[in-house]
Amino acid sequence: MVDPASVSDCGANHAGPLVSLRGVTKVYDNGVAALGPLDLDVRRGEFVSLLGPSGCGKSTALRLIAGLNAPTSGSVQVAHRDSEARVGHSIGFVFQEPTLMPWASVRENVRLPLKLGRMPTAESDTRIAGALAQVGLADFADAFPRELSGGMKMRVSLARALVTDPDILLMDEPFAALDEITRFRLNNDLLTLWRDLRKTVIFVTHSVFESVYLSQRVIVMTARPGRIAAEFRVDAAEPRGEEFRTSAEYAGYCRSVSRALTPLHQGQPIR
Amino acid sequence: MSKEQTPPLAPRRDITDQHARLLRILAPVAVMAVTIGLWSLIVRINNIQPYVLPGPEAVFKTLVDDWQVLSNSLLVTLWTTLEGFVAAAVGGIALALLFNQSKWVEYSFFPYAVILQVTPVIAIAPLLLIYLPQQTAVIVCAWIVGFFPVLSNTTLGLNSVDRNLAGLFQLYGASRLQTLRYLKLPAALPFILGGLRIAGGLSLIGAVVAEIAAGSAGAGSGLAYRIAESGYRLNIPRMFAALLLLSVAGIVIYGLLALVSHLILRRWHESALGKES
């Protein structure tokens, strides 16, 4: 696990960025260069989307930030809140699939991060109830994952990521497998949560429309190895809602982001 | 969330479902009845003597008359099977956990587990009987036959953990023990139960094989020994009766383990869910 590159945690530094990537590259064992070099700063409370074609290393970047993989070179820095005897973790991760334990009830699935942090049951019960209420699943604590719809499973996954009260929420194409109606609802709910909780969100997606709708900043990435091709600031009036989704302003943003994405596909077979 | 509408054809489908289920029970029963009838008929028409081929009535009569002897032997064999099964379950799961903790242990020892499995137990039994006390040798035989399916299934299960779930455990800093207890073991449970279901029947086979080997060495009182003994005495009806008991024991063991497996998995695993859900 010893790597030339470093993944370091530094103390709370409110002035600097919360997440900072410097010259990060990732080459997998099979020789595939997946990422970089990539430089990226994310401020506290920001909602940033990484947008790009399949296999452009967006998910890799997310896994590096989470510390699930080590970078081949470069540095990944995540500023942590002072560790005031906090159970759990300052990072919450939501995968493309709900990634729930099928043998455990919704409550026990959401409890997992707290249980791994050895929080007493009584205390974790309160937090689980809170997290489930945030995602609108308060009545489903005793259900099993297979009894839930795809959208509800994703909500459980989101509750599990929120239950530790993390600073950063990393989301890896979380709504890609859902139907459009469910996706729109979850988009709105996620925006509400983000406004209320003021988390920092790094959201990976391959949907132009989703990225523009959700984020303050859209980062368009090139095909493998993934680099930053373009960056857009979406300065729409908050709070965003369904009016924004149908506005000319929104369509304009989508058009320019799409245009930045288009050259990336040229000369490549469409997947 | 959304309630599905009941299809208008549902009641009729229920009836056909019930018919299908009834047929699945009745068909094998009918086959058995016909077979027993034919067997009885052939024995009577040809006037075959009981020491050549006893009729079903004679077998049943022996089962009742010799119940004292046979039931004692059945208990002996079942007890051996149980001991062998428990040893196989504990040994197989423990070994799989050990293999899972270290790749080198797995690489070093797995070939020997395979060798033990592919060498016919009937060939090992006489040797074991030389070196071990008879009761121990019989249990070891039952264990040898039974432990491999538990080992290989548990290993498969422990290696089938969802990659993202494993990543999640890593993210939240789970210890090795926590990962084992909250992730790997539950994920492997359906596989382990499948292995145990196979091991149950195999333990019975192992016990019987060892008893037969031991029986020819002169002692024993299990059902397999009764079969061998009755063979020497040309007490063919008793051989059939003992064989019948062994078959029933095997079926009951399988049924019990399948039931336990179903009860444990019914809330979450695909294998235990009805096809409609």
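1. Let's start with chain B. The centres of domain 1 of chain B and domain 2 of chain B, taken over C-alpha atoms, are separated by 31 Å. Domain 1 covers 11-46 and domain 2 covers 54-272 in the domain assignment of chain B; such bounds come from an automatic or database domain assignment. Please keep in mind that this is a predicted model, in which local features need pLDDT of at least 70, side-chain atom pairs count only at pLDDT 80 or more, and totals for chains, interfaces and linings use all residues. Residues are numbered from 1 along each chain as its sequence is written, while chains are lettered from A and ligands numbered from 1 in the order in which they are written.

2. Next, look at how the two chains meet. Chain B puts 16 residues in contact with 19 residues of chain A, where contact means that the C-beta atoms of two residues, placed from the backbone, lie within 7 Å. On the side of chain B that touches chain A, α7 (163-171) and α8 (176-216) of chain B each supply at least two residues. The largest share, seven residues, comes from α7(B). Helices here are DSSP runs (H or I, at least four residues), as are strands (E, at least two), and they are numbered from the N terminus. By class, this side of chain B has nine nonpolar, five polar and two charged residues. For these classes, Ala, Val, Leu, Ile, Met, Phe, Trp, Tyr, Cys and Pro count as nonpolar, Asp, Glu, Lys and Arg as charged, and the others, Gly among them, as polar.

3. Now for helix packing. Two packed helices are described by the angle between their axes and the distance between the axes. In chain B, helix α3 (residues 67-101) and helix α10 (residues 236-265) pack at an angle of about 40°, with their axes 11 Å apart. The axes are lines fitted to C-alpha atoms, for helices over the stretch in contact, and angles run from 0 to 180 degrees between N-to-C directions. α3(B) and α10(B) are therefore oblique to each other; angles under 35 degrees count as roughly parallel, over 145 as roughly antiparallel, 65 to 115 as roughly perpendicular and the rest as oblique. From α3(B) come Leu70(B), Leu74(B) and Leu78(B), and from α10(B) come Ala241(B), Ala242(B), Leu245(B) and Ala249(B). The residues of this contact divide into seven nonpolar, no polar and no charged.

4. α10(B) also has a contact with helix α2 (residues 56-65) of chain B: the axes come within 8 Å and cross at roughly 75°. That is why α2(B) and α10(B) are described as roughly perpendicular to each other. Here Ala58(B), Val59(B), Thr62(B) and Leu63(B) in α2(B) meet Pro237(B), Arg238(B), Phe240(B), Ala241(B) and Leu244(B) in α10(B). This contact has seven nonpolar residues, one polar and one charged.

5. What about helix α5 (residues 121-131) and helix α6 (residues 134-158) of chain B? Their axes come within 9 Å and cross at roughly 155°, so α5(B) and α6(B) are roughly antiparallel to each other. α5(B) passes α6(B) in a right-handed crossing. Val121(B), Ile124(B), Ala125(B), Leu128(B) and Leu129(B) of α5(B) make the contact with Gln134(B), Ala137(B), Val140(B), Cys141(B), Ile144(B) and Val145(B) of α6(B). Sorted by class, the contact of α5(B) with α6(B) has 10 nonpolar, one polar and no charged residues.

6. Turning to chain A, its secondary structure comes to eight helices and 10 strands. Of its 271 residues, 42% count as buried (20 or more other C-beta atoms within 10 Å of the residue's own, with C-beta atoms placed from the backbone; 12 or fewer is exposed, and in between is partly exposed). How many residues of helix α1 (residues 58-66) of chain A are buried? Nine of its nine residues are, among them Lys58(A), Arg63(A) and Ile65(A). Gly67(A), whose phi is positive, near 80°, follows α1(A).

7. Finally, the domains of chain A. The assignment gives domain 1 (1-81 + 168-178 + 186-264) and domain 2 (84-166), and 23 Å separate their centres, taken over C-alpha atoms. Their contact takes 17 residues from domain 1 of chain A and 13 residues from domain 2 of chain A.

Methods. Left-handed = near helix turned anticlockwise from the far one by under 90°.
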